[in-house]
Amino acid sequence: MENTFDSRQSLAVIMKMIEQARGNFKKGGGKYFVLWGYVVALASLAHFLGVVVPGWHVVGRYVWLVAFTVGVALTVVLSFRDRNRPQVRTYVSYMLRRIWITFGVAVVLVYILLWNIDGSLIYPSISLVYTMTLFLSASAFKLRWMYIPVAVCVLCMLGYKFLPAGFQPLIMAVMITTGNIVPGHILNRKGRSNV
């Protein structure tokens with residue numbers, strides 16, 4: 001006897017897979033949001049101090065190299081630790097991973113392309129790409145509350161226009177705190193309550 005799904009059963013299976021993928025994001029994605037949020041926020045604050053505190057200019061020169069190295073190393077460690085955990089793989093989770101990888105590549109390219117041309121454009125350019133990536137993440141998982149950090153990031157980007165260039169790292173720290181750290185902790189809390 002052949003088993004066939006009617007359209008309601010097929011839709012129910014698809015909806016269940018989407019909910020499981022959301023659960024994966026809430027349980028696993030939050031830690032990476034928090035990790036990179038703290039790495040970038042602390043690096044931004046250190047860079048800001050390197051700009052405004054006399055004698056700390058050397059900090060600003062190397063802070064991003066150190067932050068990137070620490071962030072990648074911790075991500076690799078967490079990824080190896082999570083590699084054997086069963087997760088539902090969906091097209092949405094696949095695309096979301098690719099979106100954030102694209103963001104990482106874009107950040108490196110923006111940094112390389114703008115460094116010697118006009119360093120004051122690096123933070124606004126990265127912030128623009130970050131805000132778009134955050135918007136795509138909220139859209140992919142239909143997490144309406146994540147549009148609030150996106151809106152805050154858009155408002156923060158206006159600060160690049162009206163504040164002196166020395167405040168750019170501070171603006172980035174606010175954006176990352178709003179877009180990564182707070183949502184990451186919310187996702188982790190929701191992930192623990194769903195277990």
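Q: How do you know that the span of helix 4 (residues 122-141) agrees with its number of residues?
A: In this predicted model, the 20 residues of helix 4 should span 28 Å at 1.5 Å a residue. The end C-alpha atoms of helix 4 are 29 Å apart, which agrees with that expectation. Helix 4 is followed by Lys-142, whose phi is positive, near 55°.

Q: Why is Tyr-130 called buried?
A: Buried means under 20% relative accessible area. Tyr-130 has a relative accessible area of 2%, so Tyr-130 counts as buried. This residue lies in helix 4.

Q: Which residues does Tyr-130 touch, not counting residues up to four places away in sequence?
A: With that exclusion, Tyr-130 touches Trp-100, Phe-103, Cys-153, Met-175, Ile-176, Gly-179 and Asn-180. Tyr-130 and Ala-106 are 24 residues apart in sequence, and their C-alpha atoms are 9.4 Å apart in space.

Q: How do you know that Cys-153 is in no disulfide?
A: A disulfide needs two cysteine sulfur atoms within 2.5 Å. The structure holds zero disulfides. For Cys-153, the nearest cysteine sulfur is that of Cys-156, 6.2 Å away, and Cys-153 is in no disulfide. Cys-156 is likewise in no disulfide, its nearest cysteine sulfur being that of Cys-153.

Q: What makes Cys-153 and Cys-156 buried?
A: The cut-off for buried is under 20% relative accessible area. Cys-153 is at 0% relative accessibility and therefore counts as buried. Cys-156 has a relative accessible area of 15%, so Cys-156 is buried as well.

Q: What makes up the nonpolar surface patch of about 1100 Å²?
A: The patch is made by Phe-68, Val-72, Val-76, Phe-80, Ile-101, Val-105, Val-108, Leu-109, Tyr-111, Ile-112, Leu-113 and Trp-115. Helix 2 (57-82) and helix 3 (91-114) are the elements that give two or more residues to this patch. Helix 3 gives the most, with seven residues.

Q: Why is Val-76 called partly exposed?
A: Partly exposed lies between the cut-offs, buried being under 20% and exposed over 50%. Val-76 is at 40% relative accessibility, so Val-76 counts as partly exposed. This residue has its place in helix 2.

Q: Why does Val-174 count as partly exposed?
A: Val-174 is at 40% relative accessibility, and therefore counts as partly exposed. The place of Val-174 is in helix 6 (residues 168-194).

Q: How many residues apart in sequence are Val-174 and Ala-41, and what is their C-alpha to C-alpha distance?
A: Val-174 and Ala-41 are 133 residues apart in sequence, and 7.5 Å apart in space from C-alpha to C-alpha.

Technical notes:
Residues are numbered from 1 along each chain as its sequence is written. This is a predicted model: local features need pLDDT of at least 70, side-chain atom pairs count only at pLDDT 80 or more; totals for chains, interfaces and linings use all residues. Side-chain values use heavy atoms; hydrogens and water are left out. Helices (H or I, at least four residues) and strands (E, at least two) are DSSP runs, numbered from the N terminus. Buried means under 20% relative accessible area, exposed over 50%, partly exposed in between (1.4 Å probe, protein chains only). The expected span of a helix is 1.5 Å times one less than its number of residues. Patches are made of residues with over 30% relative accessible area and no salt bridge: like charges are joined within 9 Å, nonpolar side chains (Val, Leu, Ile, Met, Phe, Trp, Tyr) within 5 Å. Accessible areas come from the Shrake-Rupley method with a 1.4 Å probe; for residues, only the protein chains shown count as cover. A salt bridge is a side-chain nitrogen of Lys or Arg within 4 Å of a carboxyl oxygen of Asp or Glu. Contact means heavy atoms within 4.5 Å.
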